[in-house]
Amino acid sequence: MSLENQVNHYSATGSGLAVHNQAPFPFGQHLLAIAGGGPAAISTALAFIQRGYDVRVFERQSECKPIGGAVLLNIPVMAILRSYGMEMQHMGSYTVTSFQNKSGVERVELAFNKEVERCMGIKGWQYGVLRSSVFKKMLDLLPPGVINTDHQFTSYSELPDQEGIEVRFFNGETVTADILIGADGIRSGVSRQAFGDPKLFHAGVRVWLAWCDHIPDIPENYGVISHDWQYQASYFPMLHEGKPGFEWWIVEASWEDKPVPEDPRAYLSNILKDWTQPLPRLLEATNFDTQVYRWEIFNRPSMKKWSTGRVMCIGDAIHPVSPYAAYGLGMAIEDGYFLARALDGVDLRDGAAVNAGFEIFEKQRVGYVNHNMEFARFSGKMFHWLPWPLAKLRDWIFDYTPILGNLLKKDYLKRAEEQTMSMKELHVV
């Protein structure tokens with residue numbers, strides 16, 4: 001449907017969208033404008049549409065297309081996606097996660113929480129998926145007419161007397177909405193206008209994300225996160241388009257403007273040359289032209305407030321996460337769900353009610369997410385920036401004491417499990 005036809009359709013049906021080049025159309029009820037078209041935006045759209053709100057997503061590219069390789073989804077994220085209507089049987093299978101050294105000696109195995117499994121009706125804790133696969137499934141759940149592509153956000157203005165918010169785009173069009181959600185990525189224009197310079201900084205790590213087809217004799221339902229004194233190398237089973245395969249990744253120390261190797265295959269093969277199998281085999285089975293992605297990881301200082309007036313920022317727009325959380329995509333999906341839950345039943349034209357809902361959301365999310373961000377940054381420094389003598393001492397401690405297991409249980413699993421148990425509306429028993 002063309003933009004002109006969309007405008008005529010929406011104004012005729014009273015859906016609440018006001019798109020215009022000159023004079024605004026009348027306000028509708030309960031309209032959300034979402035800047036950005038990634039997982040945080042789509043999760044938000046799905047969660048609010050499910051609750052009867054009118055939602056429009058504005059993506060700057062010509063299509064909503066995920067970038068990046070494989071990711072891990074944990075139980076609460078899986079339960080949220082299930083609540084949106086996603087079929088779980090095609091998402092893969094549970095994975096036992098083992099932390100090891102490069103020689104394959106186990107340091108700790110993440111224990112399953114039986115009560116979490118029972119309440120959610122999902123086995124295990126983490127599932128390996130391709131980012132593109134799960135994002136396509138999310139897009140398929142949206143009704144037609146929600147996404148507006150080729151709309152690059154430029155600025156917004158809150159209108160007098162709590163009458164809503166006007167959002168402007170690079171193509172000259174303007175949208176009048178009740179609230180604006182900034183889900184436009186780490187270099188978010190919405191966040192920059194709302195909160196100023198994000199003070200982005202390089203997080204000190206580079207990640208190589210990759211995937212390959214299934215290799216028959218590698219154990220199923222088993223994933224490994226392993227380290228030597230300077231690198232992390234890890235793998236998990238996954239499904240891609242219904243077919244089994246593996247995701248694998250390597251994390252190394254990095255900095256802004258660090259040179260990129262001319263031959264990534266040779267470079268990564270050299271890192272893995274003394275690593276225990278099956279990691280070297282996974283690399284050999286990977287097409288480096290189509291199945292490998294390189295990420296320089298940037299972060300921003302933790303924010304204590306994610307909203308101002310009628311604007312809320314979520315996902316990477318307000319809390320980019322380093323890979324040591326293994327949770328960036330998951331937290332973005334969670335943001336959309338928890339924001340909709342906090343505003344469930346709220347008249348979005350009522351500024352005071354909106355701000356009260358925003359406060360509920362921030363109380364639920366800001367401390368939780370900031371903890372994960374900061375733990376991930378700490379882990380990146382601990383595993384990749386300690387000088388050789390201290391790194392060897394760290395590895396000895398992790399090999400021969402329970403400290404790593406205690407850290408993971410306290411700083412990674414405990415809060416996530418508590419959050420999962422609080423999501424009673426998603427429990428199956």
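Let's start with Asp257, which sits in the loop between β16 (243-253) and α7. This is a predicted model, and in it the phi of Asp257 is near 70°, a positive value in a residue other than glycine. Is Asp257 buried or exposed? Its relative accessible area is 71%, so Asp257 counts as exposed, the cut-off being over 50%.

Asn221 is another residue to look at, in the loop between β13 (201-213) and β14 (222-227). Its phi is positive too, at about 55°, although Asn221 is not a glycine. With 21% relative accessibility, Asn221 is classed as partly exposed. Now find Pro278, in the loop between α7 (264-272) and α8 (279-284). The peptide bond leading from Gln277 to Pro278 is cis, and its omega is near 15°.

Next, follow β13 along its length. How many of its 13 residues are buried? The count is 11, so β13 is mostly covered.

Strands of a sheet pair through backbone hydrogen bonds, either parallel or antiparallel. β13 pairs with β16 in the antiparallel sense, over 9 bridges, and in that pairing Arg206 stands opposite Glu252 of β16. β13 also pairs with β17 (residues 292-299), again antiparallel, over 7 bridges. There, Leu209 has Tyr293 in β17 as its bridge partner.

## A sheet of six strands

Another part to trace is an open sheet of 6 strands, in the order β8-β3-β2-β12-β19-β18, where the pairing is mixed. Which strands stand at the edges? They are β8 (147-148) and β18 (307-308); each has a single partner strand, so one side of each is left without a neighbour in the sheet.

Inside this order, β2 (residues 31-35) and β3 (residues 54-58) pair in the parallel sense over 5 bridges. Ala33 stands opposite Arg56 in β3. Helix α10 (residues 351-384) packs on the sheet and touches β12 (179-182), β18 and β19 (311-313). The direction of α10 makes about 15° with that of β19.

## Helices packed together

Two packed helices are described by the angle between their axes and the distance between the axes. For helix α2 (residues 39-50) and helix α9 (residues 328-342), the axes come within 8 Å and cross at roughly 30°. That makes α2 roughly parallel to α9, because angles under 35 degrees count as roughly parallel. The crossing of α2 and α9 is right-handed. Residues of α2 that take part include Pro39, Ala40 and Phe48, while those of α9 include Leu329, Ile333 and Tyr337. By class, this contact of α2 with α9 has 10 nonpolar, 3 polar and no charged residues.

Helix α5 (residues 131-141) has Ser133, Val134, Phe135 and Met138 as its buried residues. What covers these buried residues of α5? The cover includes α2 and α9, along with β4 (70-74), α3 (75-83), β7 (126-130) and β15 (232-240).

## A methionine in a loop

Finally, look for Met88 in the loop between α3 and β5 (96-101). Neighbours within four places in sequence aside, Met88 is in contact with Met78, Leu81 and Arg82. Compare its position with that of Ile271, 183 residues apart from Met88 along the chain: their C-alpha atoms are separated by 36 Å.

Conventions. Residues numbered from 1 in each chain as written. Predicted model: local features only at pLDDT ≥ 70, side-chain atom pairs only at ≥ 80, totals over all residues. Heavy atoms only, no water. Axes fitted to C-alpha atoms, helices over the stretch in contact; angles between N-to-C directions. Helix = DSSP H or I, 4+ residues; strand = E, 2+ residues; numbered from the N terminus. Parallel < 35°, antiparallel > 145°, perpendicular 65-115°, else oblique. Left-handed = near helix turned anticlockwise from the far one by under 90°. Contact = heavy atoms within 4.5 Å. Nonpolar A, V, L, I, M, F, W, Y, C, P; charged D, E, K, R; others polar. Buried < 20%, exposed > 50% of the residue type's maximum accessible area, 1.4 Å probe, protein only. Pairing = 2+ DSSP bridges.
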